[in-house]
Amino acid sequence: MDYFKNQLDQWADWQAAIASPTVFEALIQQIYRSENEPFKTPEAVADDFAAVFSVGSTQIAIFPPMSVSDQTRNRYQTEKFSLGRLARLQVTAPILLHAGFIFDQYQFYYVIYQPLIGLSLAEFINTAEPLAKSTVGRQIGTALKQLNTEVANFNQVDAAALADQADWSDLGPAFVTERHAYLFAHPVEMTHFVHGQLTGENIIVTAGKVGFQQFQTAVAAPAETELVPLVLQAFKGTSDCLAGLQETLKLPDLVTSLLIGLLWRADGPAQIRQLITTGQVTIATLTTCLAQLVTTESED
């Protein structure tokens with residue numbers, strides 16, 4: 001019996017289906033039955049890749065068939081590995097309950113987990129007092145010191161190759177050469193576990209601590225790359241969080257760390273273009289821009 005009835009011929013078909021609990025309800029019910037978990041009517045949770053639903057006190061992420069996405073197995077394995085690793089490190093994250101696959105009309109990989117309960121960092125920043133923000137900044141720094149430790153390869157993503165393949169020439173004809181020279185002069189380890197998308201929505205402030213979620217795109221990469229979305233998006237304009245983070249991490253030069261992080265990210269050109277929207281970019285102008293941003297946040 002096929003529990004999933006929709007035809008999936010291309011990525012657009014999957015995108016059209018992932019927000020519909022009705023489309024997935026019979027499949028989810030069968031998965032929960034096989035895992036001996038209580039079933040309740042699923043409610044959709046926004047995600048740009050997997051079909052994610054709240055089912056009672058749990059959530060399930062169902063990954064697209066490999067026929068419509070060649071990233072499926074990699075993302076599934078990365079999420080599964082990451083949640084297991086964080087549990088061993090005692091870093092706050094969703095608790096993995098089950099992971100596996102079901103043969104239906106298509107083969108679907110899935111993970112079932114107990115989600116974090118709390119406020120997203122974005123929501124927290126809007127209402128929290130300065131002292132609370134600096135405390136959360138320190139807590140994030142403490143968690144990162146555990147999270148961004150060295151790790152053996154756990155997926156097929158080559159972060160260095162993806163960064164090298166990015167369109168750095170969009171920033172100016174000389175930027176490719178400048179980037180290579182700068183990175184040669186500032187070598188870093190490529191083997192740290194990096195979440196990679198620590199935006200305000202993927203950091204959850206819970207009772208007395210912070211946690212991280214959404215690990216599908218985690219990679220082994222320089223630890224500096226973790227700072228880019230954290231400082232430029234999640235913390236943007238919030239001096240108290242940044243001060244707390246710095247107090248814990250004690251980075252000798254935050255600007256240099258951010259610059260290295262930008263240059264080793266596949267989305268580095270796009271991130272830089274958000275900072276310097278027009279014209280050619282040089283390492284010098286980018287350094288000045290980052291220094292002004294960090295100084296503005298620190299003096300806010």
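**Cysteines, cores, pockets and strands**

Cys241 is buried, with a relative accessible area of 0%. Buried means under 20% relative accessible area, exposed means over 50%, and partly exposed lies in between (1.4 Å probe, protein chains only). Cys289 also counts as buried, at 17% relative accessibility. The structure holds zero disulfides, a disulfide being a pair of cysteine sulfur atoms within 2.5 Å.

This is a predicted model: local features need pLDDT of at least 70, side-chain atom pairs count only at pLDDT 80 or more, and totals for chains, interfaces and linings use all residues. Residues are numbered from 1 along each chain as its sequence is written, and side-chain values use heavy atoms, with hydrogens and water left out.

The largest nonpolar core has 68 residues. A nonpolar core is a set of buried Ala, Val, Leu, Ile, Met, Phe, Trp, Tyr and Cys residues joined through side-chain atoms within 4.5 Å. The members that touch the most others are Leu121, Ile140, Phe175, Phe212, Phe235, Leu245 and Leu286. Helix 10 (residues 254-263) gives the most to this core, with seven residues. Helices (H or I, at least four residues) and strands (E, at least two) are DSSP runs, numbered from the N terminus. A second, separate core has 22 residues, including Phe4, Ile102, Tyr106 and Ile112.

Next, the pockets. On a 1 Å grid over the protein atoms alone, a pocket is an open set of points where a 1.4 Å probe fits, with protein on both sides within 12 Å along at least five of seven lines. Lining residues have an atom within 4 Å of a point. Grid points are joined across faces, edges and corners, and a volume is the space filled by probe spheres set on the points.

The largest pocket has a volume of about 1,100 Å³. Its lining counts 45 residues, and His195, Gln197, Gln214, Gln216 and Thr217 lie nearest its centre. Helix 3 (72-89), strand 6 (119-120), helix 6 (159-165) and strand 10 (219-221) each give two or more residues to this lining. Helix 3 gives the most, with four. By class, the lining has 18 nonpolar, 18 polar and nine charged residues. Here Ala, Val, Leu, Ile, Met, Phe, Trp, Tyr, Cys and Pro count as nonpolar, Asp, Glu, Lys and Arg as charged, and the others, Gly among them, as polar.

The second largest pocket holds about 300 Å³ of space. Of its 13 lining residues, Ala223, Glu224, Leu227, Leu249 and Leu251 are the closest to its centre. Helix 5 (130-147) and helix 10 each supply at least two lining residues. Helix 10 gives the most, with three. The classes here are seven nonpolar, three polar and three charged.

Turn to strand 5 (residues 107-114). Six of its eight residues are buried. Strand 5 pairs with strand 4 (residues 95-103) in the antiparallel sense over eight bridges; two strands pair if DSSP finds at least two bridges between them. Ile102 has Phe108 of strand 5 as its bridge partner. Strands 4 and 5 form a hairpin with three residues between them. Strand 3 (residues 58-62) also pairs with strand 5 in the antiparallel sense, over four bridges. Gln59 has Tyr113 of strand 5 as its bridge partner.

Last, a loop. Thr282 sits between helix 11 (268-275) and helix 12 (283-299). At 29% relative accessibility, Thr282 counts as partly exposed. Thr282 and Pro130 are 152 residues apart in sequence and 35 Å apart in space, C-alpha to C-alpha.
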